[in-house]
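Please look at the structure first.

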Amino acid sequence: MTVPELTLNDGHGIPQLGFGVFKVDPEQTERIVSDALEVGYRHIDTAAIYGNEEGVGRAIAASGIPRDELFVTTKLYNDDQGTDSAFAAIDTSLTKLGLDHVDLYLIHWPAPARDLYVDSWKALEQIRERGQATSIGVSNFLVPHLKRLLDETDVVPAVNQIELHPYHQQVDVTRFGKDYDIATEAWGPLGQGKYPLLELPKIVEIAGLHGKTPAQVVLRWHLQKGHIVFPKSNSRERIAENFDLFDFELAAEQQAAITTLERAGRVGGDPNEVN
Ligand code: NAD
(Lines give C-alpha, C1' and ligand atoms only; values in the text may rest on other atoms or scores of the structure.)
Protein backbone atom coordinates (compact mmCIF):
# COMPACT_ATOMS: atom_id res chain seq x y z
CA MET A 1 0.00 0.00 0.00
CA THR A 2 1.66 3.23 -1.11
CA VAL A 3 0.64 6.50 0.50
CA PRO A 4 0.78 9.37 -2.02
CA GLU A 5 3.39 12.02 -1.35
CA LEU A 6 2.56 15.70 -1.89
CA THR A 7 5.23 18.29 -2.60
CA LEU A 8 5.23 21.32 -0.31
CA ASN A 9 6.04 24.86 -1.49
CA ASP A 10 9.63 24.44 -0.25
CA GLY A 11 10.16 21.39 -2.48
CA HIS A 12 10.03 18.81 0.33
CA GLY A 13 7.64 15.86 0.23
CA ILE A 14 4.98 14.92 2.78
CA PRO A 15 3.01 11.66 2.97
CA GLN A 16 -0.63 12.63 2.46
CA LEU A 17 -1.82 10.19 5.12
CA GLY A 18 -0.36 10.04 8.62
CA PHE A 19 -1.25 9.20 12.20
CA GLY A 20 -2.25 11.84 14.78
CA VAL A 21 -1.69 11.47 18.52
CA PHE A 22 -3.86 14.20 20.08
CA LYS A 23 -5.28 12.80 23.35
CA VAL A 24 -3.20 9.63 23.10
CA ASP A 25 -2.24 8.83 26.69
CA PRO A 26 1.53 9.40 27.15
CA GLU A 27 1.76 5.99 28.85
CA GLN A 28 0.20 4.30 25.82
CA THR A 29 1.83 6.37 23.09
CA GLU A 30 4.84 4.14 22.41
CA ARG A 31 2.62 1.09 21.93
CA ILE A 32 0.02 2.87 19.83
CA VAL A 33 2.55 4.63 17.57
CA SER A 34 4.42 1.31 17.23
CA ASP A 35 1.15 -0.22 16.03
CA ALA A 36 0.74 2.59 13.50
CA LEU A 37 4.31 2.16 12.22
CA GLU A 38 3.76 -1.61 11.89
CA VAL A 39 0.56 -1.01 9.94
CA GLY A 40 2.61 1.15 7.56
CA TYR A 41 2.16 4.78 8.61
CA ARG A 42 5.34 6.82 8.15
CA HIS A 43 3.98 10.26 9.10
CA ILE A 44 3.28 11.09 12.75
CA ASP A 45 1.63 14.32 13.94
CA THR A 46 2.28 15.30 17.56
CA ALA A 47 2.63 18.56 19.52
CA ALA A 48 4.46 19.75 22.61
CA ILE A 49 1.14 20.30 24.39
CA TYR A 50 0.02 16.69 23.78
CA GLY A 51 2.62 15.61 26.35
CA ASN A 52 3.47 12.49 24.37
CA GLU A 53 6.53 13.42 22.30
CA GLU A 54 8.68 11.03 24.36
CA GLY A 55 6.40 8.11 23.53
CA VAL A 56 6.49 9.02 19.85
CA GLY A 57 10.30 9.15 20.04
CA ARG A 58 10.52 5.78 21.77
CA ALA A 59 8.32 4.15 19.14
CA ILE A 60 10.44 5.64 16.35
CA ALA A 61 13.67 4.47 17.98
CA ALA A 62 12.32 0.97 18.59
CA SER A 63 11.00 0.64 15.04
CA GLY A 64 14.40 0.64 13.37
CA ILE A 65 12.82 2.48 10.42
CA PRO A 66 15.42 4.71 8.75
CA ARG A 67 14.92 8.35 9.75
CA ASP A 68 14.62 9.49 6.15
CA GLU A 69 11.60 7.23 5.65
CA LEU A 70 9.71 8.97 8.46
CA PHE A 71 7.92 12.30 8.55
CA VAL A 72 7.50 13.78 12.03
CA THR A 73 5.58 16.94 12.88
CA THR A 74 5.47 18.75 16.19
CA LYS A 75 4.14 22.15 17.23
CA LEU A 76 5.09 25.26 19.19
CA TYR A 77 2.48 25.84 21.90
CA ASN A 78 0.96 29.22 22.73
CA ASP A 79 2.85 29.62 26.03
CA ASP A 80 6.15 29.28 24.14
CA GLN A 81 5.42 31.86 21.48
CA GLY A 82 8.09 34.53 21.04
CA THR A 83 11.67 34.43 19.78
CA ASP A 84 13.83 32.96 22.54
CA SER A 85 11.04 30.82 23.92
CA ALA A 86 10.49 29.28 20.47
CA PHE A 87 14.19 28.42 20.24
CA ALA A 88 14.01 26.78 23.67
CA ALA A 89 10.78 24.96 22.78
CA ILE A 90 12.18 23.30 19.65
CA ASP A 91 15.23 22.17 21.62
CA THR A 92 12.94 20.60 24.23
CA SER A 93 10.73 18.93 21.63
CA LEU A 94 13.73 17.46 19.79
CA THR A 95 15.19 16.15 23.04
CA LYS A 96 11.88 14.50 23.93
CA LEU A 97 11.51 13.03 20.45
CA GLY A 98 15.13 11.86 20.44
CA LEU A 99 15.61 13.46 17.02
CA ASP A 100 17.98 16.06 15.63
CA HIS A 101 15.29 17.55 13.42
CA VAL A 102 11.58 17.35 12.73
CA ASP A 103 10.22 17.28 9.23
CA LEU A 104 7.63 19.92 10.00
CA TYR A 105 7.37 22.45 12.84
CA LEU A 106 4.14 24.40 13.25
CA ILE A 107 2.92 27.37 15.26
CA HIS A 108 0.03 25.57 16.98
CA TRP A 109 -2.42 28.50 17.22
CA PRO A 110 -2.19 32.16 16.17
CA ALA A 111 -3.19 33.14 19.74
CA PRO A 112 -3.98 36.69 18.55
CA ALA A 113 -4.35 38.16 22.06
CA ARG A 114 -0.66 37.42 22.65
CA ASP A 115 0.27 39.13 19.38
CA LEU A 116 3.45 37.06 19.09
CA TYR A 117 2.82 34.94 16.03
CA VAL A 118 4.85 37.16 13.69
CA ASP A 119 7.87 37.04 16.04
CA SER A 120 7.35 33.31 16.47
CA TRP A 121 7.24 32.82 12.71
CA LYS A 122 10.55 34.69 12.31
CA ALA A 123 11.98 32.31 14.92
CA LEU A 124 10.67 29.33 12.93
CA GLU A 125 12.40 30.73 9.83
CA GLN A 126 15.68 30.56 11.79
CA ILE A 127 14.84 27.11 13.17
CA ARG A 128 14.49 25.95 9.57
CA GLU A 129 17.78 27.58 8.59
CA ARG A 130 19.52 25.82 11.48
CA GLY A 131 18.20 22.49 10.20
CA GLN A 132 16.09 21.73 13.28
CA ALA A 133 12.99 21.65 11.06
CA THR A 134 13.01 20.75 7.37
CA SER A 135 9.73 22.55 6.70
CA ILE A 136 7.78 25.10 8.74
CA GLY A 137 4.11 25.92 8.83
CA VAL A 138 1.21 27.12 10.92
CA SER A 139 -1.94 25.71 12.43
CA ASN A 140 -5.37 27.17 13.07
CA PHE A 141 -4.51 30.29 11.09
CA LEU A 142 -7.45 32.11 9.51
CA VAL A 143 -7.09 34.29 6.42
CA PRO A 144 -6.25 37.54 8.29
CA HIS A 145 -3.50 35.75 10.26
CA LEU A 146 -2.04 34.30 7.06
CA LYS A 147 -2.18 37.66 5.30
CA ARG A 148 -0.27 39.28 8.12
CA LEU A 149 2.50 36.67 7.92
CA LEU A 150 2.75 37.11 4.16
CA ASP A 151 2.96 40.89 4.57
CA GLU A 152 5.47 40.97 7.42
CA THR A 153 7.79 37.96 6.94
CA ASP A 154 9.87 36.26 4.25
CA VAL A 155 8.81 32.60 4.15
CA VAL A 156 5.35 31.43 3.05
CA PRO A 157 4.16 28.68 5.43
CA ALA A 158 4.41 25.23 3.84
CA VAL A 159 1.17 24.10 5.48
CA ASN A 160 -1.78 25.35 7.49
CA GLN A 161 -3.22 22.67 9.75
CA ILE A 162 -6.89 23.50 10.43
CA GLU A 163 -10.03 21.87 11.74
CA LEU A 164 -11.62 20.45 8.62
CA HIS A 165 -14.28 17.78 8.09
CA PRO A 166 -17.51 17.63 6.09
CA TYR A 167 -19.43 19.82 8.59
CA HIS A 168 -16.71 22.48 8.69
CA GLN A 169 -14.81 22.84 5.43
CA GLN A 170 -13.25 26.30 5.83
CA VAL A 171 -13.60 27.10 2.15
CA ASP A 172 -12.14 30.61 2.53
CA VAL A 173 -8.97 29.37 4.27
CA THR A 174 -8.45 26.45 1.88
CA ARG A 175 -8.95 28.72 -1.15
CA PHE A 176 -6.39 31.16 0.24
CA GLY A 177 -4.04 28.20 0.74
CA LYS A 178 -4.45 27.16 -2.89
CA ASP A 179 -3.77 30.70 -4.08
CA TYR A 180 -0.51 30.93 -2.09
CA ASP A 181 0.58 27.27 -2.35
CA ILE A 182 0.05 26.57 1.37
CA ALA A 183 -0.95 22.91 1.75
CA THR A 184 -4.04 22.20 3.86
CA GLU A 185 -3.75 19.69 6.66
CA ALA A 186 -7.16 18.66 8.01
CA TRP A 187 -7.26 18.08 11.74
CA GLY A 188 -10.26 16.33 13.23
CA PRO A 189 -10.83 14.73 9.81
CA LEU A 190 -13.51 12.49 11.34
CA GLY A 191 -15.01 15.38 13.31
CA GLN A 192 -13.33 13.99 16.45
CA GLY A 193 -16.36 11.74 16.95
CA LYS A 194 -18.20 14.83 18.26
CA TYR A 195 -21.12 14.62 15.82
CA PRO A 196 -22.64 11.62 14.07
CA LEU A 197 -20.65 12.03 10.86
CA LEU A 198 -20.15 8.31 10.43
CA GLU A 199 -23.90 7.66 10.77
CA LEU A 200 -25.07 10.21 8.22
CA PRO A 201 -27.24 8.29 5.70
CA LYS A 202 -25.38 9.67 2.66
CA ILE A 203 -22.01 8.54 4.04
CA VAL A 204 -23.36 5.13 5.09
CA GLU A 205 -24.90 4.68 1.63
CA ILE A 206 -21.66 5.56 -0.21
CA ALA A 207 -19.71 3.25 2.11
CA GLY A 208 -22.08 0.39 1.31
CA LEU A 209 -21.66 0.94 -2.44
CA HIS A 210 -17.87 0.59 -2.11
CA GLY A 211 -17.80 -2.14 0.52
CA LYS A 212 -15.84 0.23 2.77
CA THR A 213 -16.59 1.78 6.19
CA PRO A 214 -18.00 5.30 6.70
CA ALA A 215 -14.65 6.39 8.21
CA GLN A 216 -12.81 5.18 5.11
CA VAL A 217 -15.24 7.09 2.89
CA VAL A 218 -14.73 10.33 4.82
CA LEU A 219 -10.94 9.93 4.78
CA ARG A 220 -11.05 9.17 1.06
CA TRP A 221 -13.08 12.37 0.53
CA HIS A 222 -10.28 14.31 2.23
CA LEU A 223 -7.58 12.66 0.12
CA GLN A 224 -9.47 13.37 -3.10
CA LYS A 225 -9.89 17.00 -1.97
CA GLY A 226 -6.09 17.18 -1.67
CA HIS A 227 -6.01 17.47 2.12
CA ILE A 228 -3.27 15.94 4.23
CA VAL A 229 -4.87 13.85 7.02
CA PHE A 230 -3.68 12.00 10.12
CA PRO A 231 -6.68 10.38 11.82
CA LYS A 232 -6.23 9.28 15.41
CA SER A 233 -7.32 6.05 17.01
CA ASN A 234 -6.11 3.99 19.96
CA SER A 235 -7.38 0.77 18.42
CA ARG A 236 -5.08 -1.25 16.15
CA GLU A 237 -8.09 -2.38 14.13
CA ARG A 238 -9.17 1.19 13.38
CA ILE A 239 -5.56 2.29 12.83
CA ALA A 240 -5.41 -0.35 10.08
CA GLU A 241 -8.88 0.57 8.78
CA ASN A 242 -7.89 4.23 8.48
CA PHE A 243 -4.81 3.26 6.45
CA ASP A 244 -6.72 1.09 3.99
CA LEU A 245 -7.85 3.86 1.64
CA PHE A 246 -6.13 3.16 -1.64
CA ASP A 247 -8.21 0.42 -3.28
CA PHE A 248 -11.26 2.54 -4.12
CA GLU A 249 -12.18 5.96 -5.43
CA LEU A 250 -15.23 8.13 -4.83
CA ALA A 251 -17.10 9.09 -7.99
CA ALA A 252 -17.40 12.82 -8.66
CA GLU A 253 -21.06 12.85 -7.57
CA GLN A 254 -20.24 10.99 -4.33
CA GLN A 255 -17.46 13.46 -3.58
CA ALA A 256 -19.87 16.34 -4.30
CA ALA A 257 -22.61 14.82 -2.11
CA ILE A 258 -20.25 14.78 0.89
CA THR A 259 -19.19 18.35 0.17
CA THR A 260 -22.83 19.48 0.45
CA LEU A 261 -22.86 18.39 4.13
CA GLU A 262 -21.16 21.69 5.17
CA ARG A 263 -22.83 23.24 8.24
CA ALA A 264 -20.15 25.70 9.50
CA GLY A 265 -20.01 23.25 12.39
CA ARG A 266 -16.75 23.84 14.21
CA VAL A 267 -16.19 21.22 16.93
CA GLY A 268 -12.92 22.63 18.30
CA GLY A 269 -11.72 26.01 19.54
CA ASP A 270 -12.18 29.26 17.62
CA PRO A 271 -8.71 30.39 16.44
CA ASN A 272 -9.57 33.99 17.31
CA GLU A 273 -10.27 33.00 20.90
CA VAL A 274 -7.74 30.30 21.79
CA ASN A 275 -4.86 32.06 23.45
P1 NAD B 1 -10.25 12.63 14.45
O2 NAD B 1 -11.23 13.31 13.58
O3 NAD B 1 -9.10 11.91 13.86
O4 NAD B 1 -11.12 11.70 15.38
C5 NAD B 1 -10.55 10.79 16.26
C6 NAD B 1 -11.67 9.99 16.88
O7 NAD B 1 -12.45 9.38 15.85
C8 NAD B 1 -11.10 8.81 17.68
O9 NAD B 1 -10.88 9.17 19.00
C10 NAD B 1 -12.16 7.76 17.52
O11 NAD B 1 -13.11 7.97 18.52
C12 NAD B 1 -12.78 8.06 16.22
N13 NAD B 1 -12.32 7.14 15.13
C14 NAD B 1 -11.07 7.03 14.60
N15 NAD B 1 -11.05 6.13 13.62
C16 NAD B 1 -12.30 5.63 13.54
C17 NAD B 1 -12.90 4.65 12.72
N18 NAD B 1 -12.21 4.02 11.77
N19 NAD B 1 -14.21 4.38 12.89
C20 NAD B 1 -14.92 5.02 13.84
N21 NAD B 1 -14.43 5.98 14.64
C22 NAD B 1 -13.12 6.27 14.50
O23 NAD B 1 -9.75 13.73 15.52
P24 NAD B 1 -8.38 14.22 16.09
O25 NAD B 1 -7.60 13.14 16.71
O26 NAD B 1 -8.67 15.38 16.91
O27 NAD B 1 -7.60 14.72 14.78
C28 NAD B 1 -6.56 14.01 14.14
C29 NAD B 1 -5.21 14.61 14.50
O30 NAD B 1 -5.18 15.98 14.14
C31 NAD B 1 -4.90 14.64 15.99
O32 NAD B 1 -4.60 13.38 16.52
C33 NAD B 1 -3.77 15.62 16.01
O34 NAD B 1 -2.58 15.04 15.55
C35 NAD B 1 -4.29 16.67 15.02
N36 NAD B 1 -5.01 17.77 15.69
C37 NAD B 1 -4.49 19.02 15.60
C38 NAD B 1 -5.12 20.07 16.22
C39 NAD B 1 -4.53 21.45 16.10
O40 NAD B 1 -4.98 22.35 16.80
N41 NAD B 1 -3.54 21.64 15.26
C42 NAD B 1 -6.29 19.89 16.94
C43 NAD B 1 -6.83 18.60 17.02
C44 NAD B 1 -6.19 17.57 16.37
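The lining of the largest pocket is made up of 17 nonpolar, 15 polar and 8 charged residues (nonpolar: Ala, Val, Leu, Ile, Met, Phe, Trp, Tyr, Cys and Pro; charged: Asp, Glu, Lys and Arg; polar: the others, Gly among them). The model is predicted, with local features needing pLDDT of at least 70 and side-chain atom pairs pLDDT 80 or more, while totals for chains, interfaces and linings use all residues. Residues are numbered from 1 along each chain as its sequence is written, and side-chain values use heavy atoms, without hydrogens and water.

**Largest pocket**
- The largest pocket is lined by 40 residues, and Phe22, Gly188, Gln192, Gly193 and Lys232 lie nearest its centre.
- Helix H8 (214-225) and helix H9 (236-241) are the elements that give two or more residues to this lining (DSSP runs numbered from the N terminus: helices H or I of at least four residues, strands E of at least two).
- Its volume is about 930 Å³ (the space filled by probe spheres set on grid points joined across faces, edges and corners).
- On a 1 Å grid over the protein atoms alone, a pocket is an open set of points with protein on both sides within 12 Å along at least five of seven lines, a cavity is a set where a 1.4 Å probe fits but cannot get out, and lining residues have an atom within 4 Å of a point.

**Ligand**
- The ligand takes up the space of the largest pocket (more than half of its atoms lie within 2 Å of the grid points).
- Around the ligand are 26 residues, the closest being Asp45, Ser139, Asn140, Leu190 and Gln192 (a heavy atom within 4 Å).
- Oxygen atoms of the ligand lie 2.7 Å from a side-chain N or O atom of Asp45 and 2.9 Å from one of Asn140.
- A polar side-chain atom of His108 is 3.3 Å from a ligand oxygen atom.
- Taken alone the ligand exposes 830 Å², of which the protein buries 88% (Shrake-Rupley method, 1.4 Å probe).

**Second largest pocket**
- The second largest pocket has a volume of about 330 Å³.
- Its lining has 17 residues, with Thr174, Lys178, Thr184, Lys225 and His227 nearest the centre.
- H6 supplies the largest share of that lining, 5 residues.

**Cavity**
- The whole structure holds 1 cavity of 30 Å³ or more, and the largest cavity has a volume of about 40 Å³.
- Residues lining the largest cavity include Leu146, Asn160, Thr174 and Thr184.
- The lining of the largest cavity has 5 nonpolar, 4 polar and no charged residues.

Note on methods:
Polar contact = N/O pair within 3.5 Å; in protein donor to acceptor, adjacent residues only side chain to side chain.
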